[in-house]
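Here is a short tour of a two-part model, taken one region at a time. Please keep the structure open as you read.

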Amino acid sequence: MSARTRRRERRRLTAGEVVVMAVLSVLVLAVSFPVLYALLNSFRSYAEITKDPMGLPSGFSFENYVRLFQTTDYGEALLNTLVITGGTLILLLAIVPMAAWGIERLGGRSSRWIYLLFIAGLMIPFQVRMIPLVSSMNQLGLYSTLTSVILVHLGGAASFGILLYCSFIKGVPREVEEAAEVDGAGKLRTFWSIVFPMLLPVTSAFVIIQALSLWNDFFIPLVFLDASSAGTINVALSRMVGLLTSQWELIYTGAILAIVPSVVLFAAFQRYFIKGMSIGAVKG
Amino acid sequence: MTVQTAERPAAVRGGRARPAPDRRLTRHRAVMLLFIAPALIVYVLMVIAPSIQSIQLSLTDWDGINPAYEYVGFANYQDILTSDRFWNATKNTLILGLGSAVVVNAVALGVALMLDKLHHAQGFFRTIVYLPALVSGFIAATIWKYMLNFNFGAVNTVLRDLGFDDAAMDWLGDNDIVVGVLLFIICFTLGGNTTLIYLANLQSVPQDLVEAARIDGASRGQVFRYVTWPMLAGAVTVNMTLMMIAGWTIFDQVMVLTAGGPGFVSETMAFFIYKVGFGEYRAGYGSAAAIVLFIVVLATTVLANKYMRSREVQA
């Protein structure tokens with residue numbers, strides 16, 4: 001790869017490359033158009049939007065952003081989404097890497113069966129377990145609580161986590177762990193202070209992928225949170241859409257705010273993003 | 001990513017060099033089982049148990065609320081398989097799921113090939129190409145819903161301003177075009193992760209191979225057809241499988257944009273299950289539809305892997 005990079009630096013900008021750059025830029029602009037449109041309209045009033053749908057904002061007033069929090073449940077929904085995303089991530093990290101290590105170090109036929117049981121979950125759509133889960137959560141008194149959403153998410157994400165961590169742990173040498181044990185460290189300590197730090201590359205990928213999908217999820221909170229809860233951002237937005245007199249300007253504003261955390265996460269961890277998405281993808 | 005499940009060494013590797021006394025090995029295994037236990041318990045309670053319970057419920061006439069229900073055998077399955085509404089939902093799911101898998105993969109591959117051509121600012125373009133993928137399907141659909149509004153939507157406004165008054169349509173309310181509009185919105189992306197996976201694979205194609213082919217007089221098209229494409233087969237398998245599995249459960253866009261309407265015209269299988277299970281209080285019937293969905297997903301995954309694996313180059 002390094003030879004290739006060196007060659008790349010020496011090359012001059014060709015006409016072909018300029019064309020490719022132009023085409024890519026146009027494509028990105030076209031695909032981003034709805035978001036740019038929503039962004040512009042988040043600075044306009046309802047009257048302005050309906051009078052001239054393609055008009056530009058007359059100024060950058062943040063009135064819609066203030067009203068979104070004052071007149072709707074959006075603030076509470078934002079908090080709920082944060083709790084669900086953060087809570088699920090922490091619990092996933094507490095149980096999944098440990099389980100994957102256990103599976104890999106257990107050995108024998110049982111190890112393989114447990115692994116396959118987890119992997120089978122990748123093929124079970126949420127719809128298949130949805131109806132019984134709602135009735136169980138009802139019986140447990142957990143229906144329409146954030147706990148129920150977190151629990152359901154945990155089960156759904158476990159399969160992917162086990163797949164990711166197991167394939168990574170296969171490449172981790174045992175010698176270090178064995179040395180730690182000879183030195184008298186217990187299994188739990190060996191895992192958290194020696195093995196877990198070595199799993200950082202896969203942990204960062206897992207956290208980023210899960211954070212995005214948890215933040216963006218709509219179906220699970222829609223099913224498990226009823227009107228007694230403010231819902232998550234997406235659920236709150238869909239309720240605003242469902243109103244007879246929907247406030248377009250607030251919905252555009254809410255949509256833009258929902259994207260911000262993803263963009264911030266991406267900007268902060270761009271390198272891990274691209275690596276994470278390609279982990280296990282090359283020669284799958 | 002789903003495909004690397006096969007071939008794991010199942011043997012215990014403990015027997016190597018270090019003489020492990022049996023008691024220690026048993027203790028080791030017990031501790032490892034304890035490590036697995038929390039995740040396994042949550043997973044079984046949240047995924048396996050409810051899935052099995054779904055099979056049981058699918059054989060009943062349960063309404064989802066009343067604790068009493070009766071077993072009706074395979075009546076629900078019979079009803080589903082003879083229901084026009086279900087087959088319409090299946091057809092839509094195929095159009096949207098398979099259609100978007102093909103279109104998005106083609107677009108993503110095209111974008112990845114263009115990115116791979118860049119020798120300057122590749123990182124920058126890779127970043128901006130990925131940016132649109134940060135917008136979830138739900139948010140994009142919500143924005144589109146208003147852009148497609150008949151009276152005040154951006155799309156119809158532009159069309160009317162340009163003088164095409166007849167082309168301004170009730171995009172989400174017209175039986176004949178609504179599924180096509182949904183497909184367009186679902187495909188309105190540059191692929192995001194799919195593109196990244198293709199790009200990573202393109203960059204792992206050995207340059208020597210490409211150069212050798214060029215020296216032997218192969219055209220650009222031939223290089224792609226006989227060198228690059230076979231090397232990409234693994235990535236195509238992964239991407240198509242992932243997108244088809246996701247395609248079978250398309251829900252968000254339908255829920256936001258049309259809620260299955262007009263009538264039942266634009267329902268998908270996932271939406272159908274949601275609607276009959278919760279909206280129409282036919283939990284038993286909904287469970288049966290969910291089991292049908294599961295069988296379809298299982299079959300797709302197995303067949304897609306089998307078919308595409310057979311085309312892969314074993315490097």
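## A buried isoleucine

Ile84(A) is buried, because 22 other C-beta atoms lie within 10 Å of its own; a residue counts as buried with 20 or more such neighbours, exposed with 12 or fewer, and partly exposed in between, with C-beta atoms placed from the backbone.

Leaving aside residues up to four places away in sequence, Ile84(A) touches Leu146(A), Val149(A), Ile150(A), Leu214(A) and Thr232(A). Contact here asks for C-beta atoms, placed from the backbone, within 7 Å. Ile84(A) and Trp215(A) are 131 residues apart in sequence, yet 8.2 Å apart in space, C-alpha to C-alpha.

## About the model

This is a predicted model, so local features need pLDDT of at least 70 and side-chain atom pairs pLDDT 80 or more, while totals for chains, interfaces and linings use all residues. Residues are numbered from 1 along each chain as its sequence is written, with chains lettered from A and ligands numbered from 1 in the order in which they are written.

## One helix, two sides

Lys187(A), Phe191(A) and Val195(A) are the buried residues of α10(A). They line one face of the helix, because they fall within an arc of 45° seen down its axis, the arc being that of the directions from the axis to the C-beta atoms. On the other side of α10(A), Arg189(A), Trp192(A), Ser193(A) and Pro197(A) are exposed.

## Helices in chain B

Helix α3 (residues 84-117) of chain B packs with helix α7 (residues 178-187) of chain B at an angle of about 35°, their axes 9 Å apart. Among the residues that meet are Leu96(B) and Val103(B) in α3(B), and Leu182(B) and Ile186(B) in α7(B).

Helix α8 (residues 193-203) of chain B is mostly covered, with 8 of its 11 residues buried. Including Asn193(B), Tyr198(B) and Asn201(B), these buried residues belong to α8(B).

## Where the chains meet

The contact draws 82 residues from chain A and 89 residues from chain B. Helix α2 (residues 15-41) of chain A gives the most to chain A's side, with 14 residues.

Conventions
Contact = placed C-beta atoms within 7 Å. Helix = DSSP H or I, 4+ residues; strand = E, 2+ residues; numbered from the N terminus. Axes fitted to C-alpha atoms, helices over the stretch in contact; angles between N-to-C directions.
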